[in-house]
Amino acid sequence: MARLGSWEIDLVKETSYWSEITQNIHEVDASYSADIETGISFYPEGKHRDLITQKVDECILYGTPWDVELLMITAKGNLKWVRAIGEGEFVNGTCRRLYGSIQDINDRKVAELTLLKTLEEKNTILESIDDAFFAVDRQWIVTYWNSQAEKQLGPHKDKMLGQNLWEVFADSVNSYSYHKYAEAIETNQVVRFEDYYEPMVRWYEISAFPSDSGLSVYFKDITHRKLTEIRLNELNANLQKQTKELAMSNAELEQFAYVASHDLQEPLRMITGFLTQLERKYKDVLDEKGKRYIDFAVDGAKRMRHIILDLLEFSRVGRTDDKLEKVDLSELVSEIEILLMNQIEEKSAVIHKTNLPVIGSYKTQLRQVLLNLIGNALKYIKAGIPPVIEITAKEFPDHWKMAVADNGIGIDAEYFEKIFIIFQRLHHKDEFPGTGMGLAITKKIVESLGGKIWVESVEGKGSTFYFTVEKTKE
């Protein structure tokens, strides 16, 4: 069963003997006769033949026995691994006979080499991966420790192999990793988790795979990702806090603006009413200067009322019961033309609207935006030149870009941002009336709808106001 054959060679009589198993191993017939040279010739040239030649010579000269594993080529040309054992018999210091055994170990050797190759491949893989890796048996003795484990955990492989993991890492006993590894062993289930290793100041993502022989552990350094994640969580928490505080502050401001505007309108109405009564009752007594003073006061009260109404409207932007709907922009502009009919006719204005689409949005808020922009185009005109207003739309994958262009007085580039700030005016109220809040309200509406607004203009040559409207998902 062991496939073990015997042989001997008489160096004096020059005779030889091969047992039947020895003949079978060499795949020769029963009549085959071999000497030292023919026996050696079964081993392929190179290291195997050189080795057996060396062993035979050393035995003959010095009496050194041999026991080696070699690759041979049989008489039928088959490669086969054998274990060759031999020694010499000496008389008066001279070797007279060589004898020994030969064993067929091909199956065992092939399996051994295959296993060795597999282990080498596994070792190559485990040493080339970016993850750190180590393995322990069920007594926590370290059986493998790759180069990444050296880099990420500190100890060198030579100091880890054969050592108890928890003796080397005594500071980690009862740590989160310690209990997770034990859980994997006890339940025979894979565990995956994250843990912070304080001595190295690092975060690791860890996977532990149990088996009958022990535990295989893969881990990677996720410190950068984890610190970013922690920072983002902190920022999100702060942002949520600030958002909540801002929402409360906005609610308080809206309430204040609402109450203040209503409370202020009543005394303004009273002032306007009494001034009107004063003018009517004492008009015969008042001189022209007194009447002019009353006109100033009444005008001031009216302008104050407009400011209050605009402030109230500004505070309400973003709070709407409007429903998302299909809005025909061409029809919407026509409605605005009706509202502004008197100004259009008075100034002989012309409004062109080109291929305006039907879009999904909030009609009331879009109306307010277009009303303010068209109203400004009718207000800021050049003397003696009828206003011409062009309203267009351009489609993009995720939004519409609207444009309201005029041939008015234009705006200097240094004021492109300033005009959208609340209460900012570029002209005196006597030249162009208004509260300075129209574009601020318009900007706030556009941004509350997820868009943006800007202007392109050349002073003296007109302006074009652009704003975007996001496309809604149907």
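**Rings, charges and cysteines in a predicted chain**

Lys226 lies over the face of Trp203, and the distance to the ring centre is 5.0 Å.

Now step back to the whole chain. The protein chain has 474 residues, and 35% of them are buried. It holds 14 helices and 17 strands. Look at how the chain contacts itself. Take the contacts between residues at least 6 apart in sequence: 55% of these join residues at least 24 apart. The exposed surface comes to about 28800 Å². Carbon and sulfur atoms supply 53% of that area.

Next, the aromatic rings. How many aromatic pairs does a search of the whole structure find? The count is 21. A pair of aromatic rings is described by two things, the distance of the centres and the angle of the planes. Trp18 and Phe42 make a tilted pair, with 6.0 Å from centre to centre and 55 degrees between the planes. Trp18 belongs to strand E2 (residues 15-18), while Phe42 is in the loop between helix H2 (36-40) and helix H3 (47-62), so the pair ties together parts that are 24 residues apart in sequence. Both Trp18 and Phe42 are buried.

Trp166 and Tyr181 form a tilted pair too, at 6.0 Å centre to centre and 35 degrees between the planes. Trp166 is in helix H7 (residues 165-168) and Tyr181 is in helix H8 (residues 176-187). The two are 15 residues apart, and their pair links distant parts of the chain.

Turn to the cysteines. How many disulfides does the count give? The count is 0. A disulfide needs the two sulfur atoms within 2.5 Å. Cys59 is buried, with a relative accessible area of 0%. Cys95 is buried too, at 8% relative accessibility.

Finish at Ser147. This residue lies in helix H5, which covers residues 147-153. Ser147 counts as partly exposed because its relative accessibility is 24%. Ser147 and Lys157 are 10 residues apart in sequence, and their C-alpha atoms are 7.4 Å apart in space.

Notes:
Residues are numbered from 1 along each chain as its sequence is written. This is a predicted model: local features need pLDDT of at least 70, side-chain atom pairs count only at pLDDT 80 or more; totals for chains, interfaces and linings use all residues. Side-chain values use heavy atoms; hydrogens and water are left out. Helices (H or I, at least four residues) and strands (E, at least two) are DSSP runs, numbered from the N terminus. Buried means under 20% relative accessible area, exposed over 50%, partly exposed in between (1.4 Å probe, protein chains only). Contact means heavy atoms within 4.5 Å. Accessible areas come from the Shrake-Rupley method with a 1.4 Å probe; for residues, only the protein chains shown count as cover. Rings of Phe, Tyr and Trp (its six-membered ring) pair if their centres lie within 6.5 Å; planes under 30 degrees apart count as stacked, over 60 as edge-to-face and the rest as tilted. A charge sits over a ring if NZ of Lys or CZ of Arg is within 6 Å of the ring centre and within 35 degrees of the ring normal.
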